Amino acid sequence: QVQLVESGGGWVQPGGSLRLSCAASGLENVRAIGIMAWFRRRPGKQRELVASITRDGGTNYADSIKGRFTISRDNIKNTINLQMNSLNPEDTGVYYCHLQYDNGNFEIRWGQGTQVTVSG
């Protein structure tokens, strides 16, 4: 079964940095692995896209984090990372890893989420 496991969340002061990681497993028999992404749900708001990356390395970022966050991907290990710099309190939320893949049908998987808290 395809699973996503996130790590790297925590507490940081404004201006600080955190690095999130997500590892996908159970992909041995899927036909194709597609987009991987990070979403977040901030307090009182709906879940939103933070950054996505295709298998070829094409990236897409939310305007609110451009220039501060960087998404990267390792297709051999089936992992993605999100390097978050210059964090501010508005970045506080639960961050979710997201994977799209073809298993005969189009499938989506979500990680369990990792908390990021930015406060002084």
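**Note on the predicted model**

1. Strand S10 covers residues 106-110, and Ile108 lies in this strand. The model is a predicted one. Ile108 is partly exposed, with a relative accessible area of 35%. Ile108 also belongs to a nonpolar surface patch, together with Phe106 and Trp110. The patch is about 300 Å². Patch members need over 30% relative accessible area.

2. Now the sheet. Four strands form an open sheet. The order is S1-S3-S8-S7, and the pairing is antiparallel. Strands S1 (3-7) and S7 (69-74) stand at the edges. Each has a single partner strand, so one side of each lacks a neighbour in the sheet. On average, neighbouring strands of this sheet are turned by 15 degrees against each other, direction ignored.

3. Take one pairing in detail. S1 and strand S3 (residues 18-25) run antiparallel and share five bridges. Ser7 has Ser21, in S3, as its bridge partner.

4. How many disulfides does the structure hold? There is one. It joins Cys22 to Cys97, with an S to S distance of 2.0 Å. Cys22 lies in strand S3 and Cys97 in strand S9 (residues 93-102), so the pair ties together parts that are 75 residues apart in sequence.

5. Is the disulfide of Cys22 and Cys97 left-handed or right-handed? The torsion about the S-S bond is about -85 degrees, so this disulfide is left-handed.

6. Are Cys22 and Cys97 buried or exposed? Cys22 is buried, and Cys97 is buried too. Buried here means under 20% relative accessible area. Ile108, at 35%, is partly exposed.

How values were computed:
Residues are numbered from 1 along each chain as its sequence is written. This is a predicted model: local features need pLDDT of at least 70, side-chain atom pairs count only at pLDDT 80 or more; totals for chains, interfaces and linings use all residues. Side-chain values use heavy atoms; hydrogens and water are left out. Two strands pair if DSSP finds at least two bridges between them. Helices (H or I, at least four residues) and strands (E, at least two) are DSSP runs, numbered from the N terminus. Axes are lines fitted to C-alpha atoms, for helices over the stretch in contact, and angles run from 0 to 180 degrees between N-to-C directions. Patches are made of residues with over 30% relative accessible area and no salt bridge: like charges are joined within 9 Å, nonpolar side chains (Val, Leu, Ile, Met, Phe, Trp, Tyr) within 5 Å. Accessible areas come from the Shrake-Rupley method with a 1.4 Å probe; for residues, only the protein chains shown count as cover. A salt bridge is a side-chain nitrogen of Lys or Arg within 4 Å of a carboxyl oxygen of Asp or Glu. Buried means under 20% relative accessible area, exposed over 50%, partly exposed in between (1.4 Å probe, protein chains only). A disulfide is a pair of cysteine sulfur atoms within 2.5 Å.
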